[in-house]
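Here's a quick walk through one model, with an eye on charges, strands and surface patches. Have the structure open while you read.

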Amino acid sequence: MNRKSIVLFVMTALSCGVFAQEAATEEEKGSFETPSFVSGEFGLSLESKYLRYGLPLNNEPMYMPTAEVTFFDFLFIGVEAIGDVTKYGKKVQKLYHEDDEYSPYRNRRGVITELDPYFGFTHSFSPDEFEWLPTTVEVSIDWCYERSFVAEKAYVQEETGHNHEDSQFIDLEIALPDLWLEPKFWMERDIYRDNGTYLNFELGHTFAIIDSESEDEDAEPTVGLRLSAAQSWGDKKRVAYYTESSHAGLMDTVLKAELTWNICDNFAVSCYALYSDFIFDRKMRHLAREYEETGKWDESYNFLGGVAAKFSF
């Protein structure tokens with residue numbers, strides 16, 4: 001990502017922040033009202049590379065727009081997209097796939113490479129509702145359809161007869177947000193392409209740099225720094241689809257720092273950096289070193305940085 005793109009994104013985000021703050025003022029005056037049964041958010045992020053399960057699917061910058069609407073704080077519907085900023089696909093094609101008709105990953109600069117619509121259900125179980133609960137428990141489950149315009153494994157369609165570009169997932173997430181060190185468990189299950197399972201466990205905490213002026217005790221700090229650490233595990237089918245090795249084991253370890261500025265109740269911007277590696281599994285480290293398709297990466301670790309903006313209503 002060049003410097004001009006970053007500056008343009010940041011200036012756009014700040015401009016939207018001013019607009020959002022003015023809108024919030026109008027809402028206080030009663031001229032802007034949102035039905036209480038519906039809420040939503042729109043976001044856009046730019047990342048220095050695209051990692052999946054700790055593996056670099058694109059070793060160059062990506063952009064990721066998102067949108068989600070929630071009804072009655074229970075049912076949510078959303079979509080995520082991933083697009084190339086550079087001509088990374090052309091480099092992959094030139095090195096490996098010039099004559100491979102099964103690999104459509106060519107130059108997709110400025111074009112969506114993956115589209116993920118989803119819907120699901122979420123609910124928070126609190127001690128006020130269930131006296132036997134020691135703390136609030138947030139649970140969500142969703143179904144996601146992955147439409148990938150980039151075939152990561154050209155031989156899958158020939159061997160299985162399935163459309164290797166598409167897949168479907170069931171995701172389950174459980175979190176304890178009221179604890180100081182917030183645990184979060186996430187499980188992803190592929191139910192179409194390879195039936196692989198991916199588990200992830202995270203611990204994190206947000207430190208208030210500038211406290212919120214809101215009277216709401218649950219309000220996010222005006223400026224907050226969140227530090228987190230996560231460890232994942234993949235079964236044989238999940239690892240085999242991406243690395244061509246049937247090896248179940250501990251996958252990516254991620255250390256992340258994210259600084260968020262809540263400009264107003266409806267708009268926030270953030271920047272983040274993370275370190276990812278396969279620390280606890282020697283074989284996964286070896287497989288990761290050989291994953292990046294253009295040959296520019298011969299280490300198992302990755303550093304990633306990004307900026308994001310989010311508007312909510």
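Is Glu182 buried, partly exposed or exposed? Glu182 is partly exposed, with a relative accessible area of 22%. Keep in mind that this is a predicted model.

**Salt bridges**

The side chain of Glu182 meets the side chain of Arg226 in a salt bridge, at 3.3 Å from N to O. Glu182 sits in strand β9 and Arg226 in strand β11, so this pair ties together parts that are 44 residues apart in sequence. Arg226 has a relative accessibility of 19%, and because buried means under 20%, Arg226 counts as buried.

The model has 13 salt bridges in total. Three of them are set side by side here.

| Salt bridge | N to O distance | Separation in sequence |
|---|---|---|
| Arg193 and Glu146 | 3.2 Å | 47 residues |
| Glu182 and Arg226 | 3.3 Å | 44 residues |

Take Arg193 and Glu146, whose side chains meet in a salt bridge. Arg193 is in the loop between β9 and β10, while Glu146 is in strand β7 (residues 137-148), so the contact ties together two separate parts of the sequence. Both Arg193 and Glu146 are buried.

Salt bridges with shared partners join Arg52, Glu114, Glu146, Glu188, Asp190, Arg193, Asp194 and Arg238 into one network.

Strand β9 (residues 182-190) pairs with β10 in the antiparallel sense over eight bridges.

**Surface patches**

Phe201 turns up again in a nonpolar surface patch of about 830 Å², along with Trp180, Leu181, Leu203, Phe207, Ile209, Ile210, Leu227 and Leu259. Which strand gives the most to the nonpolar patch? That's β10, with five residues. Leu259 comes from strand β12 (residues 249-264) and is partly exposed, with a relative accessible area of 38%.

Glu138, Asp178, Asp216, Glu217, Asp218 and Glu220 make up a negative one. Asp218 lies in the loop between β10 (197-210) and β11 (223-234), and Asp218 is exposed at 67% relative accessible area. A positive patch is formed by Lys87, Lys90, Lys94 and Arg109. Lys94 belongs to helix α2 (residues 88-97) and is exposed, with a relative accessible area of 63%.

Finally, a look at phi. Tyr53 has a positive phi of about 55° although it is not a glycine. Tyr53 lies in the loop between β2 (50-52) and β3 (55-58) and is buried, with a relative accessible area of 8%. Phe72 also has a positive phi, near 55°. Phe72 is in the loop between β4 (62-71) and β5 (75-84), and Phe72 is exposed, with a relative accessible area of 63%.

Methods
Residues are numbered from 1 along each chain as its sequence is written. This is a predicted model: local features need pLDDT of at least 70, side-chain atom pairs count only at pLDDT 80 or more; totals for chains, interfaces and linings use all residues. Side-chain values use heavy atoms; hydrogens and water are left out. Patches are made of residues with over 30% relative accessible area and no salt bridge: like charges are joined within 9 Å, nonpolar side chains (Val, Leu, Ile, Met, Phe, Trp, Tyr) within 5 Å. Accessible areas come from the Shrake-Rupley method with a 1.4 Å probe; for residues, only the protein chains shown count as cover. A salt bridge is a side-chain nitrogen of Lys or Arg within 4 Å of a carboxyl oxygen of Asp or Glu. Lys and Arg count as positive and Asp and Glu as negative; His and the chain ends are not counted. The place of a charge is taken as NZ of Lys, CZ of Arg, CG of Asp or CD of Glu. Helices (H or I, at least four residues) and strands (E, at least two) are DSSP runs, numbered from the N terminus. Buried means under 20% relative accessible area, exposed over 50%, partly exposed in between (1.4 Å probe, protein chains only). Two strands pair if DSSP finds at least two bridges between them.
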